[in-house]
Amino acid sequence: MKVSRDVWIVFQRHLLLMVRSPLWVFLGVAQPVVYMALFAPLLKPALSSLDNGSMAAAYRIYIPGMLVALALGGGLYVGFGLLAELSSGVIERARVTPISRIALLLGRALRDVVTLAIQAAIIILLSLPLGLFVHVGDLLLAYALLALISLTSSAISYGIALKISNAGVLGQVINNLAQPLMLLSGTLLPLALAPLWLRRVADWNPFSWAVSGMRALFAGHAADAVVWQSIVIMAGIAVLTLAWSARLFTRSVR
Amino acid sequence: MIEAKGLRKSFQTRRRRKTAVVEAVAGVDLKVAEGEIFGFLGPNGAGKTTTLRMFATLLSPDDGEARVAGADLRTEPARVRRSIGYVAQGGGTWDDVTARQELVLQARMHGIGKAAAQERAAAALEAFNLTEYGDRNCKTYSGGQRRRVDIALGVIHQPKVLFLDEPTSGLDPQSRAHMWDLVRKLRDEGMTVFLTTHYLDEADALCDRIAIIDHGEVVAEDTPDALKRAISGDVVTVGLTGTAQKAAELLTGQPYLRSVEARDDDELRLTVEAGQTAIPQVMRTLEGAGIELSTIELHRPTLDDVFLTKTGRSLRES
């Protein structure tokens, strides 16, 4: 299998780059941790209507949403790395070799999944003393869901970066995309608190399903229909966005 | 090894909502033989890099045909890629990995197995005098070292043809001489090297054959010596004080003169059969007409003279 070998080669290189400058992985966690410390306490009264009103319950609702925000938000910004690589000439160097074009995308996207997995682990570990509790089986499902979200957001970001080579414009486009996706998925505040029309709009946002699925898993309700529904929806979206981005890669990286 | 016919490429540029088409390469024909160093000489913006990138499968030509190492550029870019190496002007390495890691990766991207890739990387470090720095991060290298890493990356898979874009641009004289030796060594091992340059001395001293490109077209192609010989005879430059036009008219038609050209008001550039005998005659003619000469200089034609003859401009000025 030439493609899987090529994916492995690209993945290894980007893993090496991550190990060489691990600071980025930890900087990525800094923002969620600040939110955890300063924002989650505000939620306690707001969420008391949804659960028993304890701090642990607040975290059980807040942490899964934040993990989705991390996967979505973090992933959408990976395109900047690609821009830097495009201008440094390393992509061009790869283009003149027979390496699979799809591998250039997948190897990077998988590295992004690993980055996210580490960041998610840090956040989950930090929230255990705060009363978060999750079964190992549910956690594995949650990780699968996060991986699908990460693949989707990375694929979108790389695809946009290939189309928009100006870093300033790219930042604006990504911001304008990330904001509605985040707000309409209830990552920070559950959409259960939202008016009906907003909830109906959010039903069209796959990431909103992902957040619901994650919350169910962290509440220990793995059997909820929303769990398998969210995994199926995110898997479909991940395949679609990867296919779109891979097509851009093969075309512009011919 | 490389054969191109009517290769064309134009780009669209947008400025103030107007789209303009810039013809970067306007029909390039050339032939590069196996085992030679072929230089593509021209000023910045002449279309050198665009042509090189087309040969390296990075840009698809708008029109024309080309074969590189026996494969058709348009229909079999994958086959072309297997037999070429390409080194961009700015290189292309990650800052935080070592030259050895880069070499292994490059070999593996070319489909070479892990163990063999490691052996090749070690051999390349040796061959390019990099063993000492091979395990240091690329960002710590000097300009010359970095350039050697770039070339080592370009030839790790032993390609038939190596494309080098401005290989010595920005290097100090010593690194430059070292780079020339490296390129010659690769040629002596049987590799065909196609390089672009805007340095006259590089084209002259390093290249077996050159093509001169200007405004996207090849205006001359031959060995540097043959190109210089084609101008034949010598070049005489006469310095005057504002009377160049008049002097040019006066000299036109003299039997010992091949061409005469006034450059600015104070300089006359003559190509003559033999400089030694032409100088006294030029001086007599001009002084007879009351035109005063401030300087007179004789030199063998250089590639710059070739460029001047073919394009009407000096490469040094453009």
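This is a predicted model: local features need pLDDT of at least 70, side-chain atom pairs count only at pLDDT 80 or more; totals for chains, interfaces and linings use all residues.
Among chain B contacts between residues at least 6 apart in sequence, 67% join residues at least 24 apart.

Next I looked up what chain B is built from. I found eleven helices and 14 strands. I then checked its extent: the C-alpha trace of chain B spans about 80 × 45 × 40 Å along its principal axes. For burial, I noted that 43% of the 318 residues in chain B are buried.

Then I turned to where the two chains meet. I get 17 residues from chain A and 23 residues from chain B in the contact. On the chain A side, helix H1 (2-20) and helix H6 (90-95) each supply at least two of the residues that touch chain B. I sorted that side of chain A by class as well: eight residues are nonpolar, four are polar and five are charged.

Which residues touch the most other members of the largest nonpolar core? I have Val68(A) and Ile149(A) from chain A, plus Phe55(B), Leu103(B), Ala152(B), Phe163(B) and Val193(B) from chain B, in a core of 138 residues. I also logged a second, separate core of 14 residues, with Ala244(B), Leu251(B), Leu268(B) and Val282(B) among them.

Last, I picked out Val68(A) and listed its contacts, leaving aside neighbours within four places in sequence. I find Val68(A) in contact with Ile149(A), Ser185(A) and Thr187(A), and also with Phe207(A), Ala210(A), Val211(A) and Met214(A).

Note on methods:
Residues are numbered from 1 along each chain as its sequence is written. Chains are lettered from A and ligands numbered from 1 in the order in which they are written. Two residues are in contact if their C-beta atoms, placed from the backbone, lie within 7 Å. Helices (H or I, at least four residues) and strands (E, at least two) are DSSP runs, numbered from the N terminus. Ala, Val, Leu, Ile, Met, Phe, Trp, Tyr, Cys and Pro count as nonpolar, Asp, Glu, Lys and Arg as charged, and the others, Gly among them, as polar. A nonpolar core is a set of buried Ala, Val, Leu, Ile, Met, Phe, Trp, Tyr and Cys residues joined through C-beta atoms within 7 Å. A residue is buried if 20 or more other C-beta atoms lie within 10 Å of its own, exposed if 12 or fewer, and partly exposed in between; C-beta atoms are placed from the backbone.
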